[in-house]
Amino acid sequence: MNKRYWLRLALVGAAATLAAAPVLAQDFPPKKAVTMVVGFAPGGAADAAARLIAKKLGDNIGQTVVVDNKAGAGGNIAHQLVANGPTDGSTILLGSIGPLTIAPHMMKVGYDPFKDLAPLSGGVHFPNVLVVNAGSGIKSLADFVAAARKGKDAVSFASTGSGSASHLTGELFALQIKADMLHVPYKGGAPAMQDLLANRFTGYFAAPPTALPHIESGKLTPLATTGLARPSYMPNIPTVAESGYPGFEALNWYAFVASAKTPGPILDRWNQEIVKVLRDAEVRDALTKLGLTPHPTTRAELTDFMTKESTKWGTIVRERKITNE
């Protein structure tokens, strides 16, 4: 074999490498339809955020991004579905605090959020707001606490499912006020809100997009928000922390994840596209009007954040001896 043979072989190899590069690049966006899975029923905060973000994502990548609501088990069904789902980047999940950092501490779930799901980017953050039916007779947080202390399960509170943020916020508050409250789980914010409007339970630590229209109409009475500071869109509603429970904080959040078996370059591209959308002025303003604060992150930052949240809520689960209901 002479030098000319080896030169020709090297050129063939280089050509093959160059030919493969466009194929890899074509993996994003995926050739088939893109789905953004949401673990809650239509009409709630997660659904509202997902549809806003999906529309802009689709415009940017030149392909429709379809929102698919897979409600049930506090969002755990959707997370398991994506963890075991397509690995080509065609399916992403607007994951939530409950299934990602709370539920694994209190029940057996069919996925490991740190092994079976890969972080893409933070999504949105927001405090919940404790609301009651305007006809309940409860006018303040002090009234709510007084009612709760009348006896075991004297008041009830709804959530978007066992292990969800609204559930654990209620448990954390019960721990703070040293009273037991009856937990009533639902499959999402919209159905929980419907039953609160019908006065079927006492209170609900609701997401702002779900609660604000009914607060403005006078059908619900807001008692307190769960962040350390009053949000700009609810300046007249006190926080739990300033209402006699210093340091109380329970933020709700959604973040984007995908199957952990998805190739790294595709995960990185999704991070770039999601961050771009969350930094878009139009999207940011629309989310802010809903009471949602965009929270774009790197993939590593999301992992660190989830780890801290998992540690915090795992402690509450153990202290309250919370199990699946």
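**Pocket, cavity and sheet in a predicted model**

The lining of the largest pocket is made up of eight nonpolar, five polar and two charged residues. Here Ala, Val, Leu, Ile, Met, Phe, Trp, Tyr, Cys and Pro count as nonpolar, Asp, Glu, Lys and Arg as charged, and the others, Gly among them, as polar. The model is predicted: local features need pLDDT of at least 70, side-chain atom pairs count only at pLDDT 80 or more, and totals for chains, interfaces and linings use all residues. Residues are numbered from 1 along each chain as its sequence is written, and side-chain values use heavy atoms, with hydrogens and water left out.

The largest pocket holds about 180 Å³ of space. Of its 15 lining residues, Pro127, Ala229, Pro231, Tyr233 and Thr293 are the closest to its centre. On a 1 Å grid over the protein atoms alone, a pocket is an open set of points with protein on both sides within 12 Å along at least five of seven lines, a cavity is a set where a 1.4 Å probe fits but cannot get out, and lining residues have an atom within 4 Å of a point. Grid points are joined across faces, edges and corners, and a volume is the space filled by probe spheres set on the points.

One cavity of 30 Å³ or more is found in the whole structure. The largest cavity has a volume of about 180 Å³. Phe40, Thr160, Ser166, Asn252 and Tyr254 are the closest to its centre among the 21 residues that line it. That lining divides into 11 nonpolar, 10 polar and no charged residues.

Next comes the sheet. Strands of a sheet pair through backbone hydrogen bonds, either parallel or antiparallel. Five strands form an open sheet with mixed pairing, in the order S7-S6-S8-S5-S9. Strands (E, at least two residues) and helices (H or I, at least four) are DSSP runs, numbered from the N terminus, and two strands pair if DSSP finds at least two bridges between them. Strand S7 (182-185) and strand S9 (220-225) are at the edges with a single partner strand each, so one side of each has no neighbour in the sheet. Strand S5 (residues 129-133) pairs with S9 in the antiparallel sense over five bridges. In this region, Val132 stands opposite Thr221 in S9.

Helix H7 (residues 189-197) packs on the sheet and touches S5, strand S6 (156-159), strand S8 (203-206) and S9; contact means heavy atoms within 4.5 Å.

Note on methods:
Axes fitted to C-alpha atoms, helices over the stretch in contact; angles between N-to-C directions.
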